[in-house]
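Hello,

Here is the structure I said I would pass on. Please open it first, then read the notes below.

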Amino acid sequence: MLDLNGIFSLLIFLIPPYIANSSPVVLGGGAPLDQNIKLGDGQRLFGDGKTIRGFLGGTIAGAVAGGIVALYYPLPFFPNPQVQFIAGFALAFGTLFGDAAGSFIKRRTQTAPGRPFILDSVAFLFFALLFTYPFASSSLYDLQNLAFFLVLTLIIHPLTNALANKAGLKNVPW
Ligand code: CTP
Ligand code: MG
């Protein structure tokens with residue numbers, strides 16, 4: 001079972017991916033990541049919701065957040081100290097990669113940017129966990145940890161989106 005220490009570790013672990021996932025709303029804008037490329041289905045590769053600035057800004061913000069955390073408290077599940085800073089970057093890069101992959105699937109299902117979609121909430125986390133697989137200890141992928149990540153993210157993601165909407169950062173509350 002997860003005790004308080006375990007939950008604390010999981011929350012620390014989530015700082016880089018959560019920062020990476022939320023910062024593009026503020027840092028994004030400008031040229032689209034997909035260079036306006038359309039696929040055979042007539043839909044964009046990723047769409048206007050994924051910009052180069054958002055991708056780079058989110059990756060850097062998440063990696064820097066991970067680096068700052070690691071200075072004070074070792075990022076959990078990365079027992080090798082030399083891997084600490086790479087881990088933050090891998091989590092952040094995986095997050096933005098997963099975010100774009102989610103949009104890719106969204107476009108293939110003809111879902112417009114900004115429309116809610118279940119993958120919005122979890123694709124980034126899946127890829128963050130995948131990209132850190134080479135350096136993370138296998139206990140990260142325990143079922144109870146994955147269940148915690150999933151449930152917390154499914155609650156937090158819509159909440160932060162609604163907050164960002166109230167704060168005028170996003171046009172739609174999801
Ligand atoms: N954003 C960005 N670049 C990214 C990711 C996000 O600029 N790589 C910005 C965009 O302004 C985007 C906003 O953050 O509209 C919210 O992100 P998200 O909800 O992921 O995008 P959506 O607009 O909903 O588009 P999609 O349907 O493709 O997810
Ligand atoms: Mg969205």
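In this predicted model, an oxygen atom of ligand 1 is 2.6 Å from an N or O atom in the side chain of Ser 103. Another entry on the list of polar contacts (pairs of N or O atoms within 3.5 Å; within protein, one must be able to donate a hydrogen and the other to accept it, and residues adjacent in sequence count only if both atoms are side-chain atoms) involves Lys 106: an N or O atom in its side chain is 2.7 Å from an oxygen atom of ligand 1. Gly 49 uses its backbone: a polar atom there is 3.1 Å from a nitrogen atom of ligand 1. Taken alone, ligand 1 exposes 570 Å², and the protein buries 82% of that (Shrake-Rupley areas with a 1.4 Å probe; for residues, only the protein chains shown count as cover). In total, 19 residues surround ligand 1, and Lys 50, Thr 51 and Arg 107 are among the closest (a heavy atom within 4 Å).

Ground rules. Residues are numbered from 1 along each chain as its sequence is written, and chains are lettered from A and ligands numbered from 1 in the order in which they are written. Local features need pLDDT of at least 70, side-chain atom pairs count only at pLDDT 80 or more, and totals for chains, interfaces and linings use all residues, while side-chain values use heavy atoms, with hydrogens and water left out.

Now helix 6, residues 143-166 (helices are DSSP runs of H or I, at least four residues, numbered from the N terminus). Its 24 residues should span 34 Å at 1.5 Å a residue, and its end C-alpha atoms are 35 Å apart, which agrees (the expected span is 1.5 Å times one less than the number of residues). Helix 6 has a kink of about 25°, centred on Thr 153 (the angle between axes fitted to the seven residues ending there and the seven starting there). Thr 153 is one of the buried residues of helix 6, as is His 157 (buried is under 20% relative accessible area, exposed over 50%, partly exposed in between; 1.4 Å probe, protein chains only). Helix 1 and helix 5 are among what covers them.

Ser 121 sits in helix 5. It is buried, at 9% relative accessible area. Its contacts include Thr 153 and His 157 (heavy atoms within 4.5 Å).

Phe 77, not a glycine, has a positive phi of about 75°. Phe 77 is buried, at 17%. At 49%, Gln 110 counts as partly exposed.

Best wishes

Notes: Helices (H or I, at least four residues) and strands (E, at least two) are DSSP runs, numbered from the N terminus. Lists of a residue's contacts leave out its neighbours within four places in sequence.
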